[in-house]
Amino acid sequence: MRSAVKKRISRRSFTEPLTQYETECINDMLKKANIESGLTMELLHDASGAFCSKKYTKGFIKNAGSAVLVKGPAELPDLKERCGYYGEAVVLDMVDMGLGTCWVAGTMDRDYFNIADGEMLICVILTGHVDEKCKVSEKTVRAMIRTRHKDASEMIESDTEIPADIMEGMKAVELAPSAVNRQNSMFIYSRGVLTAQVPDRYVLDRVDLGIAKRHFIETAGGTFDFGNGGMWHPEADHA
Ligand SMILES: Cc1cc2nc3c(=O)[nH]c(=O)nc-3n(C[C@H](O)[C@H](O)[C@H](O)COP(=O)(O)O)c2cc1C
């Protein structure tokens, strides 16, 4: 399993800002991901204004600086799922760079961001330097949000024995971030075909679905079709 998948947890207390080199690397990643996905993700060097009031952050987030705006044309098919799928690819690359990250949809002042007409801001991803170990205050917030945890076997249903490569992919899905730690993505393995779906009752379910699919393919390879119930193609190149 990719080490970034194992290592990643949401980090909410930041220390030093990004260096110029790190900023350039992230901008490069976003450029490539935007070309492939049709999204318009963008790094905001100083997004602190959206995170400076406890009214919005609930005290969860400390010293936020840079953030990736995860957004795209409102009309883009599967917009939310693409945001999850490509946003999480950027998250894992930023974890490889030694940075802390946190997806944020709720605990921020959304009005702070200027979004072009015709575009929709789905989430942001905080990024920056963090202390190597989570301090007690950060651990407390994490424990408050993560009151339950599903393991891989609870996130897949099957009518036959599940192949080892699929179970390995599911272990990466177990480690994927999800809004309010809902872990709502469900994988179905039936007649040799794997699909992934969400109940689609919650506004961020489709983002979580994209993130779960990304964690799966980072580990088991292949590609996933977009869409609720989209199919896995194990033979395809790593996306
Ligand atoms: C789409 C999405 C939105 C999220 N929004 C917030 C948020 O508004 N505030 C926050 O503190 N964490 C937010 N999170 C982080 C989740 O709470 C976190 O991923 C989950 O509790 C699992 O913990 P982990 O990421 O440390 O594994 C969000 C995560 C996702 C995927």
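Where does the ligand sit? The ligand sits in the largest pocket. This is a predicted model, in which local features need pLDDT of at least 70, side-chain atom pairs count only at pLDDT 80 or more, and totals for chains, interfaces and linings use all residues. Residues are numbered from 1 along each chain as its sequence is written, and side-chain values use heavy atoms, with hydrogens and water left out.

**The pocket and its shell**

- A pocket here is an open set of points on a 1 Å grid over the protein atoms alone, where a 1.4 Å probe fits, with protein on both sides within 12 Å along at least five of seven lines; a molecule sits in it if more than half of its atoms lie within 2 Å of its grid points.
- Around the ligand there are 22 residues, each with a heavy atom within 4 Å of it; S10, R12, G106, T107 and R142 are the closest.
- By type, the shell holds 12 nonpolar, five polar and five charged residues, with Gly counted as polar.
- Domain 1 (3–137) and domain 2 (152–232) each give at least three residues to the shell; the bounds come from an automatic or database domain assignment.

**Polar atoms at the ligand**

- S10 places a polar side-chain atom 2.6 Å from an oxygen atom of the ligand.
- The backbone also takes part: a N or O atom of G106 lies 2.8 Å from a ligand oxygen atom, and one of A105 lies 3.1 Å from a ligand nitrogen atom.
- Of the 620 Å² of accessible area that the ligand has on its own, the protein covers 96% (Shrake-Rupley method, 1.4 Å probe).

**A look at E36**

- E36 belongs to helix α2 (residues 20–37), a DSSP run of H or I with at least four residues.

Technical notes. Polar contact = N/O pair within 3.5 Å; in protein donor to acceptor, adjacent residues only side chain to side chain. 1 Å grid on protein atoms, 1.4 Å probe; cavity = no way out; pocket = protein on both sides within 12 Å on 5 of 7 lines; lining within 4 Å. Helix = DSSP H or I, 4+ residues; strand = E, 2+ residues; numbered from the N terminus.
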